[in-house]
Structure formats: structure tokens, C-alpha cells
Amino acid sequence: MPVDMKSVIASTFAAMAKKTGIDKITVKALIAACNISRQTFYYHFQDIMDVVEWSAKQATKDMLSRSLEAENPADALNVFVSAVAEHHELVRKLMESQKREQIEKLFVQATRAYLEELARSKAPSLSLKYSDMEIALDFWSFGIAGLLFKYCSQERVDTKKLAEQICRLLPEGRDSASP
């Protein structure tokens, strides 16, 4: 079975980032840790931030596929919240970097993509005009991302409770989550 080199590079990067933060990770150090050539790295990624972006997109796709199997909106949102909480160390290290602004932007974009697809699949009857939906998605994305950044600084988070609380704030989520 062929090796998925992008995944190898991304997982090695994540392990390194948990230990040192991303500011100290260079392409040279990453290729040494992966035991690959510089050419192999640049075949798959443009730079370190490209690794971060690709990883965020992959994680979002994975969370979304699991969320679409959930029975209700609160359980679907819990998949997202739990995944972020599970990787709180990495998120914290990413947020402590000099590239915080870029990381926040990526995180909000990933949150928005997740919510947009979840709304499209789980709440097709959501009755908002397109322009209102755009504003709502931005609002929810920034809000949820901000909450998750806040809770990533804590060691333990009741992800189910947090997901239910967030879900109660969303349209059509009020009736689906327990109080």
C-alpha cells in the first residue's frame, strides 16, 4: 500500500508542534524528522503554513463526515467540539505562535466550512435569505471559534455540555438539544 506522504508530513508536523510550537519548526527540521528530501516536501507543500492549512482541511472533512452520521444537531456539533478539545495542546501551541493571525483565520474558515456543510446537510429547511445566511455563518463561525480558543486553554472541558449550549443558540437547534 502506498504511503500517503502528505499525511506523514502533517502528522510529523503536528507531533513536532505539540512539543515546540510552530515558530521553531523549519522545513529542514521537518524533512529530517520525516526522513524525506526537500524536493519531496516541496512536491506536496509550499511551506509550513501550507501544512497547517492542509491539516485543517483534512480534519474538517473528517469531522464533517462523522457529524453527518450524528442523530441530532447537538451530537453533530459535539463531534467538532470534541475533536478540537482532543487536540487542545496543538491548538494552544498554534495560537501561541507568531502566525496567530493566520492560524485564527484558518480556524474560522474551517469552522465556517464545517457549519455551512452541516447546515446544508442537516438543516436543509433552514429559512434564511442567502445574504442573511452568509452573515449568520460568519457570526457563528467567529463565535464558535472564539469559544473553542477560550476552552482550549482549559485542561478539561465538558464537550457534550458545550456542544448542547452552542446548539441551543443556533436556529433549529433549540428544540433538538436538551436544556
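Which residues does His44 touch, not counting residues up to four places away in sequence? His44 touches Met5, Lys6, Ile9 and Asp50, where contact means heavy atoms within 4.5 Å. This is a predicted model: local features need pLDDT of at least 70, side-chain atom pairs count only at pLDDT 80 or more, and totals for chains, interfaces and linings use all residues. Residues are numbered from 1 along each chain as its sequence is written, and side-chain values use heavy atoms, with hydrogens and water left out.

- His44 sits in helix α3, which covers residues 38-44. Helices (H or I, at least four residues) are DSSP runs, numbered from the N terminus.
- His44 is partly exposed, at a relative accessible area of 22%. Buried means under 20% relative accessible area, exposed means over 50%, and partly exposed lies in between (1.4 Å probe, protein chains only).
- Ile9 is one of the contacts of His44. The two are 35 residues apart in sequence, but 8.9 Å apart in space, C-alpha to C-alpha.

**Aromatic rings**

- A pair of aromatic rings is described by two things: the distance of the centres and the angle of the planes.
- Rings of Phe, Tyr and Trp (its six-membered ring) pair if their centres lie within 6.5 Å. Planes under 30 degrees apart count as stacked, over 60 as edge-to-face, and the rest as tilted.
- The count by this rule is five aromatic pairs.
- One of them joins Phe45 and Trp54, with 5.9 Å centre to centre and 75 degrees between the planes, an edge-to-face pair.
- Phe45 is buried, at 1% relative accessibility. Trp54 is buried too, at 18%.
- Phe107 and Phe149 form a tilted pair, because their ring centres are 4.7 Å apart and their planes stand at 45 degrees.
- Phe107 lies in helix α7 (residues 100-122) and Phe149 in helix α8 (residues 130-152), so this pair ties together parts that are 42 residues apart in sequence. Both residues are buried.
- Phe41, Tyr42, Phe45 and Trp54 make up one aromatic cluster.
- Lys6 lies over the face of Phe45, 5.2 Å from the ring centre. The rule for a charge over a ring: NZ of Lys or CZ of Arg is within 6 Å of the ring centre and within 35 degrees of the ring normal.

**Cysteines**

- A disulfide is a covalent bond between the sulfur atoms of two cysteines. The search looks for a pair of cysteine sulfur atoms within 2.5 Å.
- Across the whole structure, zero disulfides are found.
- Cys34 is buried, with a relative accessible area of 12%. Cys167 is also buried, at 1%.

Notes: Helix = DSSP H or I, 4+ residues; strand = E, 2+ residues; numbered from the N terminus.
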